[in-house]
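Please look over the sequence and the model before reading on. The report below is meant to be read beside them.

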Amino acid sequence: MKQFIPHNLPSIGVVLLSSLVALGSPSAFAGSVTLNPGANVQAAVNAAPAGTVFYLNAGTYRMQSVKPKSGDAFSAKGTVVFNGSQVLSFKATGNQYVASAKFDGIAHGSCVSTSPLCNYDQDLFIDNVLQTKATTKENLEAGSWYFDHANNQVYIPTNPEGHTIELGMSTYAFYGSAPNVTISGITVEKYANEAQTGALGGDGPGWANGLGFGWVFENCEARFNHGAGAFVGPGDKIYKTYLHHNGQQGIKATGTNVQIIDDEISFNNQDGFDTGVEGGGGKIMGTNNLLVQSNYIHDNLGMGLWADTNNIYSTYEDNTFVNNENGGLMHEVSYSAVIKNNTFIGNCPHQLVWLESAQILIQNSSNVEVYGNNVTVPATGGNGITIVNQNRGSGEYGSYTATNDYVHNNTITYLGTTGYSGIGDDTTPYQSKNNTFNHNRYILKGGGTTHWYWYRDMTWSMMTQIGKQEGQGSCCQ
């Protein structure tokens, strides 16, 4: 059993956890506990009362999975890394190398055709570089690996000498339904958390049963985890946290009063999940009074942020969305939202699918106000600010219909000849109504004449006359 130091017992000094438990003195733990790398963090949590502050000394805490108690706090002293992987030892077999490793049997999520094994939650890293899962051990190429699930064996083509080779094993770093937990300054990496769960937060800190509210993640980092870097639930706040290079997405969120503030979310969906289902910067579902503020969301292999299904009273402000593969921000089959004072640059650079590949997309959502945004559409693809309406039924707060949406006082720059701003509707007769574009400024650096869409493509003149929009808008520098 590893040692730790209870701060409120200075006269005891360094003592064994087993000794304290044997003393039958749980009250002696009240206050704080200091842990060192190699300690059993969960055992320390179990032995301490709720509300304990755990100080973690610098170093790597490998294959730890912690279920806190109510009010617990975990604070890094120096660089602290929770690493969910096991270091593998290989031996040569022919022209390959093999190691024993336990297959956990978990596969969840939808993959693109070029990454058919993305849903298996155990990822392999060589010197912190993700390796590609192969469907057979025959003719493995450099950068790939094969997991023989039936025999619990891992095959690689690369000589392992001098390299660190790690396989994701532990499910979550911090999880559970205890309320008011704080995680501060900790890096979590290489956890085998399945799709739509977080290495930080697990499957959502008890949000389904109304518990687990009020978690705070601050100054943390979540990287190289299989599913999401973090899952935040009711009353949770994630602040100044770096969520990057995760297998499926940076963040998953649901519940009331969620706050996502001053984070960096980038380079997620490394495992190749289907971005039409869930993969990219983050997926947000069923939130009420969501705040997404001052985040830098860039270079995700999917949508930057995707709010999907029954989100209401959402605010997205002062964020920067750059170079996300499938678009910047989408507010879909949801309700009232404010999208203001954000910057969108170069999102969806390789696609132009009707009005759906956009810097800002309002999809079958009502009472959304979009203003003060600076939007730049790349020359190679994408749209500006668009509204799409289709037959999508109704949800918790009424019909999923694009009504009463107001897009105003934005600056939209087109670097190429393509790309739209406006509204499209697949319904007959059109169900969308009372939507307005006005006071927007359009800059056409790449030329082109039909950058507007009001149930059909339009020139500026047609938009202002036939569409009767942008009466106080300006074009076309």
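Predicted model: local features only at pLDDT ≥ 70, side-chain atom pairs only at ≥ 80, totals over all residues.

## Aromatic pairs

The structure holds 22 aromatic pairs. One of them joins tryptophan 215 and phenylalanine 217, whose ring centres are 5.9 Å apart and whose planes stand at 50° to each other, an arrangement classed as tilted. Tryptophan 215 counts as buried because its relative accessibility is 0%, and buried means under 20%. Phenylalanine 217 is likewise buried, because its relative accessible area is 0%.

Another pair is formed by tyrosine 420 and tyrosine 453, with 5.1 Å from centre to centre and 70° between the planes, and this pair is edge-to-face. The pair links distant parts of the chain, 33 residues apart: tyrosine 420 belongs to the loop between β41 (411–414) and β42 (421–425), whereas tyrosine 453 is in strand β45 (residues 452–454). Both tyrosine 420 and tyrosine 453 are buried.

## An aromatic cluster and charges over rings

Five residues, namely Phe54, Tyr61, Phe74, Phe82 and Phe174, form one aromatic cluster.

Lysine side chains also lie over aromatic faces in this model: lysine 190 is placed over the face of phenylalanine 125, at 5.7 Å from the ring centre, and lysine 283 is placed over the face of tryptophan 306, at 4.0 Å from the ring centre.

## The annotated span

For residues 215–375, an unreviewed UniProt entry lists "domain: Right handed beta helix". In the model, the C-alpha atoms at the ends of residues 215–375 lie 33 Å apart, and the span is 52% strand and 0% helix.

## Threonine 418 in its loop

Where does threonine 418 lie? Threonine 418 is placed in the loop between β41 and β42, the loop that also holds tyrosine 420. Is threonine 418 buried, exposed or partly exposed? With a relative accessible area of 32%, threonine 418 is partly exposed, because that class covers values between 20% and 50%.

Leaving aside residues up to four places away in sequence, threonine 418 touches Leu352, Ala379 and His451.

Note on methods: Residues numbered from 1 in each chain as written. Heavy atoms only, no water. Phe/Tyr/Trp six-rings, centres within 6.5 Å; stacked < 30°, edge-to-face > 60°. Buried < 20%, exposed > 50% of the residue type's maximum accessible area, 1.4 Å probe, protein only. Helix = DSSP H or I, 4+ residues; strand = E, 2+ residues; numbered from the N terminus. Lys NZ or Arg CZ within 6 Å of the ring centre and 35° of its normal. UniProt positions renumbered as here; feature names shortened; annotations may be inferred. Contact = heavy atoms within 4.5 Å.
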